[in-house]
Amino acid sequence: MALLKHPRRCRSLAALSLFALTARGLRSQEAHPEYEVKAAYLLNFARYAAWPGSGGSEAAGDLVICVLGHDPFGAVLDRTVAGRTVLGRPVRVLRPANRAEAGPCQLAFVGGDRRSEIEPWLSDLSDRPVLTVGDGAQFTDAGGAIGFVVRDRTVRFEVNLDALRHSGVKLSSRVLALASRVEGEAAR
Amino acid sequence: MRRRVGVACLLALASSAAAAQQRSQGDSLADLDLEQLARVKITSVSRGPENVGQAMAAVFVISQDDIRRAGATSLPEALRLAPGLQVERLGAQNWSITSRGFADFTTNKLLVLVDGRAIYSPLFAGVFWDSQIMPLDDVERIEVILGPGGTLWGSNAVNGVINVVTRAATSTTGGLVGVRAGTEQHINTTARYGLPLGRSGAIRFYGTYLDREPIELADGSDAEDAWQSGGGGFRMDLDRSARTHLTLQGDAYRASSEQTVREALPDPPFARSVTGPVDLNGFNLLGRWSRQTGEASDLQVQAYFDRTVRDQQPSVGRTAVNIGDIELQHRFLAGRRHSIVWGAGYRIADGGLDGTFTTALDPAQRTTHLAMVYVRDDIELVPARVALAVGSKVEWNSYTGIELQPEARLRWTPGSRHTFWGALSSPVRSPSRLDADIRFIAGGFPTSPPTYLQVRGNPDFASERLVEAELGYRGELSAHFSVDLSGYYGWYDELRTLTPGAPFAEDGHVIQPVTITNFGKGHSAGGTAAIIWRPAPRLQVRGSYTFLDMADTLDVDAAAGTTPNVNPGLSPEHQAGLGLYAALPGGVSLTLSGRYTSPLRNPRVGPYAEADARLGWSPSPRLTLAVVGRDLLQRRHAEFPGEHYLPRRGQLQLTWRF
C-alpha cells in the first residue's frame, strides 16, 4: 500500500535502477554491432515522432517500420522491435519491394549509399507522411529527413528540417537537440 | 511509514531488476533512450578486440581517458597501464617491453601495430621503442592482447599483441597544444590542428618535440644518452559514402642522441667503451579503404610504406630498412551461425646494415618477403551462450618457407555477467635478419695468437614455435566490481640457442665461431588477475597481479656446449599494480598508482616498488593543468641490467584545446 501512496518517488527509483542494470549489461559487452544500435534508434525515433492526423495518441493499428532497398539489418531489426510498443501500438517491420507495397510505411529506412539507389525511394515517399531515415550525411543531402553518421565509434544522426517539414511528420525537440547537425531553411 | 515505503520500493526494484536480467543483451539496447544510445560504442570495423572472437583471449583496452588520467607522455609509459605487460625502462629513451616472459634487450615475440602498421623491425623482430614518438593526445585506445594473437593478427604475435589505434580525423577537428615540462624530461610538446574536409571528412596535422636529460649511471655519472627528437604527421579520414571510409595518414621524425656501448675487440685490451652519436629518422605513409557491406560484414584493403634509418656509429653502424605492405580482409556472415573472416597480406622488406668490425650482417643488404593468408570461422554453437572459433594462418617467408599457425578458441557465457573462455593455439616467431645473417664479435681472449668469439647467423635457422593452452574468466560480480582472470601453459620449441663450432685461424687470430641454432625448448606458465572496482561514481580502483614461471623450465636439446639464448632471469616472477582515480569537485582529479616488480635474477636487479601521482585541474573544458610525479618512492632506481638509474621526477602539464 505504501507503494501506492508514494508512486512517484518509487517510479523514479525504479527507473534509476533499471538504467543502472542495463548500463551494466551493456558495459559487460562493451561494444555493439552498428546496426543493432541503429535499430534501437529507429524505435526511439518512432517514439518521439507525431504523424499528421494521429494527434500522437491514436492507439489503433500497428506502427509500421519499413526497410526499403538494400537491407543492412538482417534479423536485427525484427529482434529489436519484437514485442515492443510505441504509445501502445505494436511495432511491425515491413520490407516492401515497390512503391505500391510501401503504402503502410510510417517510418522508412532507405538502404544503400548511392544517390541512384536512394533518390527513387525518396521521391516515391515525398508526398506521404513518412519519416525517412538513412545512412550518412549524403542521405539528408539527397532529401531524406534523418541520416545516421558514425563519429568516434558512436552512432549519431543529422536532421534535414526541410525534408521533415515537407513530410508533415513532427519530431520532438528532444530528438532535434541530440542531432549532431540540423540543416535546412527552418534551421537558419 | 517512510521505512515501509523503502521496503516496498526495494521489492519493486528487485522485481524490475530480475526482469531486466532475464532479458537478453540484444534486447537491452532497445530499452535505451536517445541520449544513452548516442554514447554506445559500436564494434570497430577493423579487427579490434571485440572482433577477435569477442575476447576469447586475455584482452585489455587502455582508453584515451586512462592515458590522460595517468599523465602518460610516451607510448611505453601508457603501456604500463595494461595488466600483464612487463615494461622496463633502460635508458633515457630505451625500453624493454614484453608479455609472458622472454624479456631481453632485444625482445622479439611481440606484434606491435600502430593503426594497422607493424612497427617491429625485420632486423631483429623487436621494436625500436625509442623512435615511437607519436603524440598520445590523438590515441583513441590501445588494445593489448596477452598471449598468442591468433589467426587474425599479423606475423610475430607469439607472446602478445599491442595495437595502437589513433582517433579518426573527424573526431579531432580544432586545435590542441600540449606542453609538458619538468625534470628529466625537460620539454615534451605537441601541437595539433584538425579541420573538416567537405561534408563528411576531416584532416589533422601534428607536430611534436621532445628533449630528455641523460640517465644516471650507478656511479653517479651520466650515461650521455640525452635525447632530442622532433616529428610531425597527418591523418585524413573521408566517408566516401555512408559505408565506405577512406583513411590516409603519415608520420615523419628525426631524433638524435648519444650512446655508450661496451664493445668486444679481437686484440688487447679485448673490450672498450665507445661513445658516439646516434641519429635516427624515418617516415611512413598508410592508406586504408574499408566498406561495410551489411551487418557484421565488411571489406578492408590497406597498404603502407615505412622507412626506418638508424645511424648508431658506436659499434653498430647504419641500418636502413624500407618496408612495403599490402593487406586485405573480408568479414561476412554465412548462415545464421557462422561469422567468417579471411584475409591475405604481403610484405616486402629491403635494406640492411652498413656494419662495423664488431657488428655486421652477411649479406649486408637483403630483400625478404612475407606472405600470408588466413581464415577463421566464429561459430555460435548455442546462441548467446557458447561460441567456437577455429582458424589458421598460413605464412610464407623467405627464411623458412611455409608456416602453419592454427588456433581454436571456445567461449561459454552462462549469464550476461560471466564469460569463460579457453584457447589452444600455435603461433611462430619467424626468423629475422639477426637470426640468419648476423656477424657479431662477442668477446676476445688473451691466448697466443688472440682468440675471439664470433656469433654467426644461421641461414637454416627455423622458426621458434609455441603451443599454448589458455583459460580465462571475465566477470561483472556487481555493478561496481569486475574481475578478469587468465592463465596459460606454453610449450616452446626450436628456441634460439648458441652452438660453438670448430675454431679456425684467420689474419693472425683464432676465431671461435658460435652459430645461432634452434636447440632450445621448454615450457612457461603464468597468469594475470585484474580487478576494477568503482566504489562511488567518481572513484575507481584498479588492481592487477601477474605471475610468471619460466625459471629452470628452459632446456637445451643438443650435445654439450650449446647454450640457450633466452635469459629467464630477466623476467620477474611477480608483478603487481594498484591504481586509484578520483574525480573531485571543481574540475580537480587525482590519480595515484603504485607498482611492484620482484627481482630479476640474472643479473640481479631490484626488487623495486615505485609510485606515480597526478593532480589535474580543468578550470574550463578547454584548459587542463596537471602536476605529475613519477617514481616518487626512491631518489633513483634501476629496472633492468645496464646500470641505468631512473630518478624521481616531476612534470607540469598544460593542455589547451581551441
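Predicted model: local features only at pLDDT ≥ 70, side-chain atom pairs only at ≥ 80, totals over all residues.
Which residue forms a salt bridge with B:Glu639? Select B:Glu639 and look for B:Arg595, which is its partner, with the closest N and O atoms 2.8 Å apart.

**Stop 1**

Keep B:Glu639 and B:Arg595 in view, and colour the chain by secondary structure. B:Glu639 sits in the loop between strand 40 (636–638) and strand 41 (644–647) of chain B, while B:Arg595 belongs to strand 35 (residues 588–597), so that the pair links distant parts of the chain, 44 residues apart. Both B:Glu639 and B:Arg595 are buried.

Now extend the selection to B:Arg80, B:Arg89, B:Glu184, B:Arg212, B:Asp631 and B:Arg649, which together with B:Arg595 and B:Glu639 are linked in a network of salt bridges. Side chains of opposite charge can pair when their charged atoms come close. B:Arg212 and B:Glu184 are both buried.

With a relative accessible area of 2%, B:Asp631 is buried.

**Stop 2**

Move to chain A and select A:Lys38 and A:Glu34, where a salt bridge joins the two side chains at 2.6 Å, N to O. Because the two residues are four apart in helix 3 (residues 34–47) of chain A, about one helical turn separates them. A:Lys38 is buried, its relative accessible area being 2%, and A:Glu34 likewise counts as buried, at 8%. Over all chains, the salt bridges number 49.

Next, select A:Cys66 and A:Cys105, which form a disulfide with their sulfur atoms 2.0 Å apart. The torsion about the S-S bond of A:Cys66 and A:Cys105 is about -95 degrees, so the disulfide is left-handed. The link spans distant parts of the chain, with A:Cys66 in strand 3 (residues 63–68) and A:Cys105 in the loop between strand 5 (89–94) and strand 6 (107–110) of chain A, 39 residues apart. A:Cys66 is buried at 0% relative accessibility, and A:Cys105 is buried at 4%. A search of the whole structure finds one disulfide over all chains.

**Stop 3: two surface patches on chain B**

Return to chain B, show its surface, and select B:Tyr193, B:Leu195, B:Phe205, B:Leu654, B:Trp656 and B:Phe658, which form a nonpolar patch with about 560 Å² of accessible area together. Strand 10 and strand 42 (649–657) of chain B are the elements that give two or more residues to this patch. B:Tyr193, for example, is in strand 10 and counts as partly exposed, at 43% relative accessibility.

For a patch of another kind, select B:Glu213, B:Asp222, B:Glu224 and B:Glu258, which gather in a patch of negative charge on the surface. Of these, B:Glu258 is found in strand 14 (residues 244–264) of chain B, and at 37% relative accessibility it counts as partly exposed.

**Stop 4: backbone details in chain B**

From strand 14, step to B:Phe270, which is found in the loop between strand 14 and strand 15 (271–294) of chain B. Phi of B:Phe270 is near 70 degrees, a positive value in a residue other than glycine, and the residue counts as buried at 12% relative accessibility.

Where are the cis peptide bonds to inspect here? One runs from B:Ser448 to B:Pro449, with omega near -5 degrees, and B:Pro449 lies in the loop between strand 25 (438–445) and strand 26 (451–456) of chain B. Another joins B:Asn602 and B:Pro603, with omega about -10 degrees; B:Pro603 lies in the loop between strand 36 (600–601) and strand 37 (604–605) of chain B.

**Last stop: a contact across the sequence**

Finally, select B:Arg68 and B:Gly616, which are 548 residues apart in sequence and 9.7 Å apart in space, C-alpha to C-alpha. B:Arg68 is found in helix 4 (residues 64–70) of chain B, and at 38% relative accessibility it counts as partly exposed.

Note on methods
Residues numbered from 1 in each chain as written. Chains lettered and ligands numbered in written order. Heavy atoms only, no water. Patch = residues over 30% accessible without salt bridge, like charges linked within 9 Å, V, L, I, M, F, W, Y side chains within 5 Å. Areas by Shrake-Rupley, 256 points an atom, 1.4 Å probe, with all protein chains shown as cover. Salt bridge = Lys/Arg side-chain N within 4 Å of Asp/Glu carboxyl O. Lys, Arg positive; Asp, Glu negative; His and termini not counted. Charge placed at Lys NZ, Arg CZ, Asp CG, Glu CD. Buried < 20%, exposed > 50% of the residue type's maximum accessible area, 1.4 Å probe, protein only. Disulfide = S-S within 2.5 Å.
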